[in-house]
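User: Can you walk me through this one? Start with whatever terms I need for the helix packing.

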Amino acid sequence: MDVWRRPLFLIFMTLLAFVSVWYHWVGDGGRQLPGQKLPGQELPGQELPRQEPPVQQPAECVGRVEEIQVKASARVLVLADVHVKNTNSNERIPCEKILIFHSKNQHLFDDSRPGNQLDIRGTYAAFTRAGNPGEFDERLYYQSRGIDGKMFAESVTVTDRRCDRLRNALFMLRQQAAEHLFAAMREDDAGMLCAMLLGEKAYLPEEEKEMYQRTGIGHMLVISGLHISLLAAGLFYFLRSYVMPMKGAVIVTIAFLFLYGQFTGFQVAAVRAVLMVSCSLFARYAGRSYDPLSALSLSGIVTIALEPAQLFQCGFLLSYTAIGGVLLFAPVMEKSRNRSKLWQSVFFSASVFAVTMPVMLWFYYEICPYSVLANVLVLPFLSLLVGIGAAGCIVSFFWPPGGAFLLTSAHYILEFYEFVCHVILSLPFSRVVTGRPPVWCLVAYYVVLVLAVRLYLKWDERRWFYAGAALLFLLCLSFRPRMGFLYTQLDVGQGDCACLFYGDTTILIDGGSSSEKEIGNYTIQKFLKYYGRTRIDFVFLSHSDADHTNGVEELAANQDKWGIEVGGVVMPEIGKKDERYESLVSLFSKWKTPVYTMEKGERFCLGELSLECLHPFPDYEWKSENDYSLTLDISYRNIRILSMGDLEEEGEQTLERVKGPYDLLKVGHHGSKTSSSPGFLHEAAPRHAVISAGRDNRYGHPAPVTIEKLEQEGACIWSTMEQGAVFLRWSEAGGKISGYLQQ
C-alpha cells in the first residue's frame, strides 16, 4: 500500500504529530500524555510548584441547551454559547461549553429542551486532574469533548423556550425507544440493547459491562463502526433492491447515517464510521474507486481538527488503530483468500487484537489473551443481534406484541454472549496485568509489526511472520515496570494511603477515604495495575477509622473480581479493641485474608528494607482510635521514612526511638493542629513532610499552625491536595522526591 500517494493520510499523520508535540511542550493537556516522564525522576529534593485546588464558586450561567444526557439518577445538560460569572465578584469565568448537574432536585431539568436558553444559578467547579498514576483524568476527558467546566444547579429559569426541533425530536424518540425496549424485554437485556442501538449507557448493567470489557468484546456495547456499517449496509441493500435506484439509495442512506449519528450522540467511533461509510457510498454514486485509507484519514482530520484532545482518548485510539489494523493486514488476508472461513475469521480478530493491544495496555494495563477467541465466537451473531434489536424496537412502536416477539430472539443471543464471557474468564491466565508500557516500547512494537507484514508480503516467509508476531505478543505480556524502591503517598482525598514497592514486593500502608467514593476501585487498584502489580503482600493498617481502611476492605472483598490478591493485613496489637477493629478482623477472616498484629519494638525485614513499629504497645491506654495508630519507621539503605497514621500529640509523647533526621515524614492526622508537636518534630527533624488531605475538606486540614511548625523545623512541605501523589525514589545521592501534578 503506497501511502505516499495518499495526501490525506500524510496530512493526518502530520496533524497527529503536531497535536502531540503541542500538548507535550506548549499546551495544557492534563496528565498522562505520551512522552511524559514517569513519576519519581525529578531532581533530589526539588519541590514542584503547587497546584491550586479546583475553583468552586457561586456562579450564574446563561446558555443554550446543546445536549441532554440521561444518567442513572437524573438528566445532565450540556450548555453551549455560555456566559458564566461569579455572583460574588461579578467577574466572568472563561467558559464556552459547560456541563450542568442538578444540586438536589433530580427533576430540575425535566422541562428543558435542546435549544432552550437557560439562566442557571448554582456552584461552578473546574474539572479535576488525575492525582495518581492510572486514575481517570476528568479534565482531559472533558477537554476532548470541548467542555470547559461543570456547574451544580440550584435553580433554573427558561428565558427562551424556542427549541431545536430536530434535536428535540431525536432526543424524545431515543427516550421512547428505550421505554419500548424496557417494556418488551428483561431489564438487563434492555439495558444492553439501549447501549448497542441508542448510545444510552445509563441503563447498562455494570456487571455485564465489566465482563464484556475484561473478555475484550466491550466494543459491542458502544455505537461502534461495525454497528453503523451493518445498519448502513442493510438499509442500502433494501433501498437499492426494492425501493429506489442506486443514486437515490445512496443519498437516503447517507442522510440516515448522519441522523442516526446525531440520534446516538455522535461518539468518536460513530463519527469515523459515518464519514467512512459516506465516502464509500459517495464513491459509488460518483462512479469512483473507494480508498479506505484516505477515508479513514479524512475522518481523523475532521475529528482532530474539531477536538484535538481526542488524540489522547482511548475511544479514538482504539477505533482508528482497529481499522488501521484491518487495512494493514488486508493484503495478508488477500493472499490467504483460499483458506477456510474459520481461519479468515480467526486471522481477522487476531490482526485487530495485535494492533489494538498496545492501546489497551496503555489505558487499562491489562489484557485478556483469549479475546481473539471471544470475538471469533460472538462477532458472527452481531449482525443478527443488531438487526433483530433494531427491527424489534421499530415494530414495538406500532405493534408492541410483535416487537416483543422479535426481541425475544435477542435475549438468547445475549445469553450466549454471557455464556462465552463466563467460559473465557474461567480459563487460566484470562487476565494478564502488565502495567503501562513506556512510549519507546509502543513505538518499537508498531515498527516491528509493520516491518513483519511488509517482509511477509515481499518474500512470503510465513514462518518468520508468525514467529515475529508471537515474539511481539510474548514481549508485551512479559513487560513489567522495574524498580528497586519507590514510596508513594497517594492522593486519596480526605484519607490516607501509601504504597511501597521494593523489587517485586508490594506493601500498602492504610488505604481509605472519607471524601472519595470507591477509592479502592477507582484509585488504589488502578495505581497498582499501572505498575503491573497483581498482589499486595502486606497491608499495614494504622488504626480502624474508615478513612484509612475502606479502600482496603474493597480490595479484600473483590480479589477475584479485580485480580489483585491481598496477602495479609497487619494491625496494631492493643489490649482494648474498639468495635470497628473487631469488625475489620471478622471481615478479613470472611474474605480469607490473614490478619497479623504488630507492637512496639517489632520489626518487619525484607532484604535491605526494614519496617519497625514505634507505637503502640499492647497495654497502651488509648482514648480515641487515633491514639493507637501504628507508627512505622521505614528504612532502606540511606533513606528513612516515618509514617504516623493519625497519631496525635498524646501518642507522640510515648515515642522513644524517634531519632532524626528523617528524609520524609508522613504527617500525622492529615496535618491536624492536634498532631505534630514541636518537641516531636524537633526529634524527628524531617527534611520533607507530606500531608495527605482532601481539597476543601470540612476539617480545615492541614491546620495553619501545623504548617508553621513544620516550616520552623526547615521541612519542605508536600501536600497531596496540591501536588497529587508524592513519590520518593532511592538514589545513591539520597531520595529523589517529586509530585504527580506537574506544571
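Analyst: A crossing is left-handed if the near helix is turned anticlockwise from the far one by less than a right angle, and right-handed if clockwise. Helices (H or I, at least four residues) and strands (E, at least two) are DSSP runs, numbered from the N terminus. The model is predicted: local features need pLDDT of at least 70 and side-chain atom pairs count only at pLDDT 80 or more, while totals for chains, interfaces and linings use all residues. Residues are numbered from 1 along each chain as its sequence is written, and side-chain values use heavy atoms, with hydrogens and water left out.

User: ok, which way does helix 10 cross helix 11?

Analyst: The crossing of helix 10 with helix 11 is right-handed. The axes of helix 10 (residues 314-335) and helix 11 (residues 341-364) cross at roughly 145° and come within 9 Å. Axes here are lines fitted to C-alpha atoms, for helices over the stretch in contact, and angles run from 0 to 180 degrees between N-to-C directions.

User: what residues make the contact between helix 10 and helix 11?

Analyst: With contact meaning heavy atoms within 4.5 Å, helix 10 contributes residues including L317, L318, G325 and F329. From helix 11, the residues include F347, F348, V355 and F363. By class, the contact has 16 nonpolar, five polar and no charged residues. Ala, Val, Leu, Ile, Met, Phe, Trp, Tyr, Cys and Pro count as nonpolar, Asp, Glu, Lys and Arg as charged, and the others, Gly among them, as polar.

User: switching to pockets. how many residues line the second largest pocket?

Analyst: It has 22 lining residues, and F256, Y260, F263, A390 and I394 lie nearest its centre. The volume of the second largest pocket is about 680 Å³. On a 1 Å grid over the protein atoms alone, a pocket is an open set of points with protein on both sides within 12 Å along at least five of seven lines, whereas a cavity is a set where a 1.4 Å probe fits but cannot get out; lining residues have an atom within 4 Å of a point. Grid points are joined across faces, edges and corners, and a volume is the space filled by probe spheres set on the points.

User: which helix gives the most to that lining?

Analyst: Helix 13, with eight residues. Elements giving two or more residues to this lining are helix 3 (165-184), helix 4 (187-198), helix 6 (225-243), helix 7 (246-263) and helix 13 (382-398). The lining has 19 nonpolar, three polar and no charged residues.

User: what about the second largest cavity, what lines it?

Analyst: Y487, Q489, D496, A498, I509, D510, S643, G645 and K666. That lining has three nonpolar, three polar and three charged residues, around about 40 Å³ of space. Strand 9, strand 10 and strand 11 each supply at least two of the lining residues.

User: those strands, what's the order in the eight-stranded sheet?

Analyst: The order is 16-15-13-11-10-9-24-25, in an open sheet with mixed pairing. Two strands pair if DSSP finds at least two bridges between them. Strand 16 (595-598) and strand 25 (736-739) are the edges; each has a single partner strand, so one side of each is left without a neighbour in the sheet. Twist from one strand to the next averages 20°. Strand 9 (residues 485-489) pairs with strand 24 (residues 726-729) over four bridges in the antiparallel sense, with T488 opposite F727.

User: which strands does helix 18 lie across?

Analyst: Helix 18 (residues 546-557) lies across strand 10 (495-502), strand 11 (505-513) and strand 13 (538-540), at about 120° to strand 11.
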